[in-house]
Amino acid sequence: MEDVVAGVLRQWERAYPGLDTGPIAVLGRINRCAALLQQTPDALTRAGLTRAEFDILGALRRVEVELTPTQLARESFASGAAVTKRLRLLEERGLVSRRTDDRDRRVAHLSLTDAGRELVDGLIQDLIAYDRALLSGLSPEEQDRLAEALAGLLNTLEGTIGRTLR
């Protein structure tokens, strides 16, 4: 079965015969996968969370220490502004607590509340199972090769694009 990107590649080939569409073949498929994953309802949707909000909660759960907003931005791969917006919503829901630094009142230390920890602990197994089901069309070996190839791409991008975004 042909995917939607294959059709796009044929259209580019007709419009520009001989054009090397290899980058579109790879990045077009990555972008399409990302868009589909963003649209797919899962346990997070039912819990009233976005993937980005769960990334904040998950980072706080994984590290199990208080984090500043800057540290949290690094852990969740988000901008400072995005983290600030998400934190406000998560604090309003009682999932994250903020403690002001004793020495520098401008610095906040963030941690999960009991409700936040309970929510993450209740969702993580469902999320992993859901993600496993999404990947079930690939063999374990194919998943390993794909993960390795994507890690290589990510390292390349972080070494070039990532440097300019910091």
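**Entry 1: a valine to start from.** I looked up Val26 and found a relative accessibility of 44%, so Val26 counts as partly exposed. Val26 sits in helix H2. I note here that I am working with a predicted model.

**Entry 2: the patch around that valine.** I asked which residues form the nonpolar patch on the surface. My list reads Val26, Leu27, Ile30, Leu37, Leu134, Leu135, Leu138, Leu146 and Leu150, and together these have about 680 Å² of accessible area. Helix H2 (22-39) and helix H8 (140-165) each supply at least two residues of the patch. The largest share, 4 residues, comes from H2.

**Entry 3: the inside.** Next I turned to the largest nonpolar core, which has 24 residues. I wanted to know which of its members touch the most others, and they are Leu49, Leu57, Leu60, Leu72, Val96 and Leu123. I then checked which elements give at least two residues each to this core: helix H3 (43-46), helix H4 (51-63), helix H5 (69-76), helix H6 (80-92), strand E2 (108-112) and helix H7 (114-134). H4 gives the largest share, with 5 residues.

**Entry 4: one leucine up close.** I picked Leu57 and left aside its neighbours within four places in sequence. What remains in contact with Leu57 is Leu49, Leu90, Leu95, Val96, Leu112, Leu119 and Val120. Two of these partners, Leu49 and Val96, I had already met among the core members that touch the most others.

**Entry 5: salt bridges.** How many salt bridges does the structure hold? I get 9. I followed up a few of them.

- Asp121 pairs with Arg61, and their closest N and O atoms are 2.7 Å apart. This pair links distant parts of the chain, with Asp121 in helix H7 and Arg61 in helix H4, 60 residues apart. Asp121 has a relative accessible area of 37%, so I wrote it down as partly exposed. Arg61, at 21% relative accessibility, also counts as partly exposed; the cut-off for buried is under 20%.
- Arg62 pairs with Glu75, with 3.2 Å between the closest N and O atoms. Here again distant parts of the chain are linked: Arg62 is in helix H4, Glu75 in helix H5, and they are 13 residues apart. Arg62 is exposed because its relative accessible area is 52%, and exposed means over 50%. Glu75 is partly exposed at 32%.
- Arg98 and Glu91 meet through their side chains in a salt bridge of 2.8 Å, N to O. Arg98 is partly exposed, with a relative accessible area of 42%. Glu91 is partly exposed too, with 26%.

Entry 6: Which residues are linked with Arg61 in a network of salt bridges? I found Glu64 and Asp121. Glu64 lies in the loop between H4 and H5. A polar contact of 2.4 Å joins the side chains of Glu64 and Arg61. Is Glu64 buried or exposed? Its relative accessible area is 51%, so Glu64 is exposed.

**Entry 7: a last distance.** I also checked Glu64 against Lys85, which is 21 residues apart from it along the chain. Their C-alpha atoms are separated by 22 Å.

Terms used: Residues are numbered from 1 along each chain as its sequence is written. This is a predicted model: local features need pLDDT of at least 70, side-chain atom pairs count only at pLDDT 80 or more; totals for chains, interfaces and linings use all residues. Side-chain values use heavy atoms; hydrogens and water are left out. A nonpolar core is a set of buried Ala, Val, Leu, Ile, Met, Phe, Trp, Tyr and Cys residues joined through side-chain atoms within 4.5 Å. Buried means under 20% relative accessible area, exposed over 50%, partly exposed in between (1.4 Å probe, protein chains only). Contact means heavy atoms within 4.5 Å. Patches are made of residues with over 30% relative accessible area and no salt bridge: like charges are joined within 9 Å, nonpolar side chains (Val, Leu, Ile, Met, Phe, Trp, Tyr) within 5 Å. Accessible areas come from the Shrake-Rupley method with a 1.4 Å probe; for residues, only the protein chains shown count as cover. A salt bridge is a side-chain nitrogen of Lys or Arg within 4 Å of a carboxyl oxygen of Asp or Glu. A polar contact is a pair of N or O atoms within 3.5 Å; within protein, one must be able to donate a hydrogen and the other to accept it, and residues adjacent in sequence count only if both atoms are side-chain atoms.
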